Amino acid sequence: MSDENLITKQPNNDFVTLTKELYVLNTLAMGVAIQILAKVTGESIEDWKEYVGSKAGEQYRELSAEKIQEIVESLDNSRTA
């Protein structure tokens with residue numbers, strides 16, 4: 001896999017790397033989920049974006065870099081299996 005297909009994030013001075021494809025897939029899925037939540041609940045997309053972003057940030061900060069990388073690898077492996 002070439003370096004141009006990787007995205008690296010730096011949480012708490014540790015690096016987590018994932019493919020652009022997995023990053024884009026996750027971003028698109030979250031966008032669709034937020035649109036559905038907004039439609040079903042009548043709340044605005046912006047409100048849901050803020051709420052989901054806040055919750056995701058809280059959960060992300062609680063994970064170690066190793067656990068995050070393990071999750072990324074398991075998602076990538078299950079998608080290609």
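Which residue forms a salt bridge with E70, and how far apart are the closest N and O atoms? The partner is K67, and the closest N and O atoms of the pair are 3.2 Å apart. A salt bridge here is a side-chain nitrogen of Lys or Arg within 4 Å of a carboxyl oxygen of Asp or Glu. The model is a predicted one, in which local features need pLDDT of at least 70 and side-chain atom pairs count only at pLDDT 80 or more, while totals for chains, interfaces and linings use all residues. Residues are numbered from 1 along each chain as its sequence is written, and side-chain values use heavy atoms, with hydrogens and water left out.

Helices (H or I, at least four residues) and strands (E, at least two) are DSSP runs, numbered from the N terminus. Of the 81 residues in the protein chain, 20% are buried. Buried means under 20% relative accessible area, exposed means over 50%, and partly exposed lies in between (1.4 Å probe, protein chains only). Among contacts (heavy atoms within 4.5 Å) with a separation of 6 or more, 40% join residues 24 or more positions apart.

Helix 2 can now be followed along its length. Its 18 residues, 45-62, reach 26 Å from the first C-alpha to the last, close to the 26 Å expected at 1.5 Å a residue; the expected span is 1.5 Å times one less than the number of residues. Within helix 2, the residues W48, V52 and G57 are buried. Seen down the helix axis, the buried residues fall within an arc of 160 degrees, so they line one face of helix 2. The arc is taken from the directions that run from the helix axis to the C-beta atoms. These buried residues pack against helix 1 (20-41), whereas E46, E50, R61 and E62, on the other side of helix 2, are exposed.

The charged side chains come next. The salt bridges number three by the rule above. In one of them, E46 meets K49 at 3.4 Å, N to O. E46 is exposed because its relative accessibility is 51%, and K49 is partly exposed at 44%. Another joins K55 to E58, with the closest N and O atoms 3.9 Å apart. K55 and E58 are three residues apart in helix 2, so about one helical turn separates them. K55 is partly exposed at 35%, and E58 is partly exposed at 34%. The opening pair, E70 and K67, has that three-residue spacing in helix 3 (residues 65-80). An α-helix has 3.6 residues a turn, so residues three or four places apart point the same way.

Finally, the rings. One aromatic pair is found in the whole structure. W48 and Y51 form this pair edge-to-face, at 5.7 Å centre to centre with 90 degrees between the planes. Rings of Phe, Tyr and Trp (its six-membered ring) pair if their centres lie within 6.5 Å; planes under 30 degrees apart count as stacked, over 60 as edge-to-face and the rest as tilted. W48 is buried at 17% relative accessibility, while Y51 is partly exposed at 46%.
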